Amino acid sequence: MMAGILHTIVFHRALGLVRPKDVDLELFEITYVQCGDVELEKKIDEKIDHFISWVEKHPNKKSQICLSFYEVKSKQPSWFTNKTERLYWEQWYVNLNVTQHPKHHSSKSHHTKLVVDPGESATEERSCRRAMVEASLREVLFQIIKFVNEKKDHVPPISEGVIYFPYEITIPSSSDSAFGMDMIKRMLHSGHPTMLS
């Protein structure tokens with residue numbers, strides 16, 4: 001699911017000749033397109049793995065990934081700054097609500113032991129939840145495609161021979177506040193980013 005969102009954004013912001021690759025999601029009847037670049041897929045997969053690990057360690061915290069596109073600008077060297085800086089021209093914030101599946105449990109009374117069996121109602125509930133997530137994901141993918149086709153004025157000039165704009169994927173750090181402060185610092189340095197939640 002997360003891979004579908006990130007790859008869709010990167011694919012639609014690709015500049016040069018790419019080899020599109022259709023990917024079918026296992027849980028849903030949705031197909032998305034990747035750029036067909038092994039290194040790009042590896043980087044995105046690594047970030048998703050790190051994000052999943054973070055979510056498992058912080059199950060009740062807000063979950064968000066930020067995909068940022070930027071330009072690298074040279075600066076006059078000085079004592080306090082690097083020779084280059086990143087100017088972020090588009091940032092995508094992907095907010096996730098991760099839900100825990102209720103576990104089967106037993107309850108005891110004074111005389112009997114009752115095992116709660118989810119049965120058909122739980123299966124129907126899972127099926128309904130899956131349909132809702134699928135519809136939501138499909139809507140997000142359509143929003144991405146609509147947005148990238150409509151909003152182009154802020155995209156910087158294309159350098160010859162470059163296939164992808166420089167990008168980075170940021171996941172939460174050890175605390176939400178650190179992640180939030182990092183995003184605020186970027187907004188202050190790069191102006192108001194373009195967002196999709």
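Predicted model: local features only at pLDDT ≥ 70, side-chain atom pairs only at ≥ 80, totals over all residues.

Trainee: Which residues do ring pairs link into a cluster here?

Mentor: Phe69, Trp89 and Phe165.

Trainee: And how many aromatic pairs does the structure hold?

Mentor: There are 4. One of them is phenylalanine 69 with tryptophan 89. A ring pair is described by the distance of the centres and the angle of the planes. For these two, the centres are 5.5 Å apart and the planes are at 25°, so the pair is stacked.

Trainee: Which parts does that pair tie together?

Mentor: Phenylalanine 69 sits in strand E3 (residues 63-74) and tryptophan 89 in strand E4 (residues 84-96), so the pair connects parts that are 20 residues apart in sequence.

Trainee: Let me step back to the whole fold. What pattern does the protein chain follow?

Mentor: Reading along the sequence, you get α-β-β-α-β-β-β-β-α-β-α, which comes from 4 helices and 7 strands. The protein chain has 197 residues, and 34% of them count as buried. Look at contacts between residues at least 6 apart in sequence: 67% of those join residues at least 24 apart.

Trainee: Now the core. Which residues touch the most other members of the largest nonpolar core?

Mentor: That core has 37 residues, and the ones touching the most other members are Met2, Leu6, Leu67, Phe69 and Trp92. The elements giving two or more residues to it are helix H1 (2-12), helix H2 (38-57), E3, E4, helix H3 (119-150) and strand E7 (167-170). H1 gives the most, with 7 residues.

Trainee: What does leucine 67 contact, leaving aside its neighbours within four places in sequence?

Mentor: Its contacts include Leu6, Ile9 and Val10, along with Trp92, Tyr167 and Ile169. Glu90, Gln91 and Glu168 are on the list too.

Trainee: How many residues of H1 are buried?

Mentor: H1 is mostly covered, with 10 of its 11 residues buried. Among them are Met2, Leu6, His7, Thr8 and Phe11.

Trainee: How should I read two packed helices?

Mentor: Two numbers describe them: the angle between their axes and the distance between the axes. Take H1 and H2, whose axes come within 10 Å and cross at roughly 140°. That angle makes H1 oblique to H2. Their crossing is right-handed.

Trainee: Which residues of H1 and H2 meet there?

Mentor: From H1 you have Met2, Ala3, Leu6, His7 and Val10, and they meet Leu40, Glu41, Ile44, Ile48 and Phe51 in H2. As a general idea, an α-helix has 3.6 residues a turn, so residues three or four places apart point the same way.

Trainee: What about tyrosine 167: where does it lie, and which residues does it contact beyond its neighbours within four places in sequence?

Mentor: Tyrosine 167 lies in strand E7. Its relative accessible area is 17%, so tyrosine 167 is buried. Beyond its neighbours within four places in sequence, tyrosine 167 contacts Leu40, Lys43, Leu67, Ser68, Phe69 and Tyr70. Tyrosine 70 is 97 residues away along the chain, yet the two C-alpha atoms are separated by 6.0 Å.

Trainee: And loops? Is phenylalanine 28 buried or exposed?

Mentor: Phenylalanine 28 is in the loop between strand E1 (21-24) and strand E2 (31-34). Its relative accessibility is 11%, so phenylalanine 28 counts as buried. Setting aside neighbours within four places in sequence, phenylalanine 28 is in contact with Met1, Arg130, Val133, Glu134 and Leu137.

Technical notes
Residues numbered from 1 in each chain as written. Heavy atoms only, no water. Phe/Tyr/Trp six-rings, centres within 6.5 Å; stacked < 30°, edge-to-face > 60°. Core = buried A, V, L, I, M, F, W, Y, C linked by side-chain atoms within 4.5 Å. Buried < 20%, exposed > 50% of the residue type's maximum accessible area, 1.4 Å probe, protein only. Contact = heavy atoms within 4.5 Å. Axes fitted to C-alpha atoms, helices over the stretch in contact; angles between N-to-C directions. Parallel < 35°, antiparallel > 145°, perpendicular 65-115°, else oblique. Left-handed = near helix turned anticlockwise from the far one by under 90°.
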